[in-house]
Amino acid sequence: MTEPTVHSRGLTIPAHRRPRVLLLGNGMNRVYGGASWAGLLEKINRTPYTTEQVKALPFPLQAVLLSRDHVDVSLQDLQQELTQCQVHPWLAEQLHRLLALPFDCILTPNFTYEIQCALFPDFLDHPQRFLRHTPAVPRAEQHFMLHTYYALPLERGEVPLFHVHGEARCPDTVILGHYYYGNLLFCCDEYLTHRAPELRYPLWPGSDGLEALSWLDYFILGDVYSLGFGFDTSEMDLWWLLCRKKRERAPHGGLWLYEPARRSAETKQALLEAYQTHCISLGFQDPRGEDYKAFYEAAVKDLTRRLKDEAGQEPAVPGGA
């Protein structure tokens, strides 16, 4: 990613309340047949194995095996396909409702651009017009996008959208495979260990707010609401960050995970709760087919209620699950 960009303007964590952060995964996109992990693996497969045969491996290692450890080359070959964007009307409606909520920051592990295209159908014609980076780096990053984001011009002002695992149009930024996950985790640790605690987090909360130089600041300090992201145990960077968030000495928020209950995922939920995550199933269990659509619609309604309640009683601490 080498095109010139503009330094961030106004990436400030509020002085007297925790930032509200949306962590949006690929779940809603899957309701109407959007790109899936299995579909991506099939496209990069250079082996005689099937995705079914390798499913016992952690997700990142599945990609390594099936691409014969050529994940980067495989993604470059798929760049044109992954940067096509057709947003289903139902998904566009749900995204518009979510983005109308008073979130201070959007985080997505998705490589693709459904969020941007739902707002701006011609986004991919000129994506650089929205591209920004914080003063922590001199230009948009070419590998790990800790400080590079898209500024979404919403009615309430510009809201940063970070692709935390990279983006399809810049394949070198995509985090896929344990090697890349490990390097990203190292960068996260470097940033949080050597920059944040000693220099900045103890100054917050304060009268002037806190400058956000990375999406990590939002994740650690904010109230994070996760929707459509399953927190698979192979996502080692985000599990590490969840533990790091719990251990932060400065005042920090929690994580609210919207996910249907599954009998097969009881131990994962117990682990999430050990990290002080609030798991919200909204009464859905082991969903199938249309149940997912109903679940996401219910989740958007619940988020709307929670954030409106919070906005009406600042500084608020949202209730339990």
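Q: In this predicted model, which residues of helix H3 are buried?
A: Helix H3 spans residues 59-66, and its buried residues are Pro60, Gln62, Ala63 and Leu66. The word buried calls for under 20% relative accessible area.

Q: What do the buried residues of H3 pack against?
A: Three helices take part: H2 (37-44), H4 (71-77) and H8 (178-194). Contact here means heavy atoms within 4.5 Å.

Q: Which residue follows H3, and what is its phi?
A: Arg68 follows H3. Its phi is positive, near 55°.

Q: How many aromatic pairs does the structure hold?
A: There are 16.

Q: Why is the pair of Tyr225 and Trp256 called stacked?
A: Check the distance, then the angle. The ring centres are 5.4 Å apart, and a pair needs them within 6.5 Å. The planes meet at 25°, and stacked means under 30 degrees. Therefore the pair is stacked.

Q: What makes this pair a tie between parts of the sequence?
A: Tyr225 belongs to strand E9 (residues 223-227), while Trp256 belongs to strand E10 (residues 255-258). The pair therefore ties together parts that are 31 residues apart in sequence.

Q: Are Tyr225 and Trp256 buried or exposed?
A: Tyr225 has a relative accessible area of 0%. Trp256 has 3%. The cut-off for buried is under 20%, so Tyr225 is buried, and so is Trp256.

Q: What kind of aromatic pair do Phe231 and Trp239 form?
A: Their centres are 5.7 Å apart, and their planes stand at 85°. Planes over 60 degrees apart count as edge-to-face, so this pair is edge-to-face. Both Phe231 and Trp239 are buried.

Q: Which residues do ring pairs link into a cluster?
A: The cluster holds Tyr113, Phe120, Phe123, Phe130 and Tyr150.

Q: Where does the charged end of Lys245 sit?
A: The charged end of Lys245 sits over the ring of Phe219, 5.6 Å from the ring centre. The distance cut-off is within 6 Å.

Q: How many cavities of 30 Å³ or more are there?
A: The count comes to one. The largest cavity holds about 70 Å³ of space.

Q: Which residues line the largest cavity?
A: Among them are Leu24, Met28, Leu91, Asn110 and Glu114. Helices H1 (27-30), H6 (89-99) and H7 (114-119) each supply at least two residues of the lining.

Note on methods. Residues numbered from 1 in each chain as written. Predicted model: local features only at pLDDT ≥ 70, side-chain atom pairs only at ≥ 80, totals over all residues. Heavy atoms only, no water. Phe/Tyr/Trp six-rings, centres within 6.5 Å; stacked < 30°, edge-to-face > 60°. Helix = DSSP H or I, 4+ residues; strand = E, 2+ residues; numbered from the N terminus. Buried < 20%, exposed > 50% of the residue type's maximum accessible area, 1.4 Å probe, protein only. Lys NZ or Arg CZ within 6 Å of the ring centre and 35° of its normal. 1 Å grid on protein atoms, 1.4 Å probe; cavity = no way out; pocket = protein on both sides within 12 Å on 5 of 7 lines; lining within 4 Å. Points joined across faces, edges and corners; volume = space filled by probe spheres on them.
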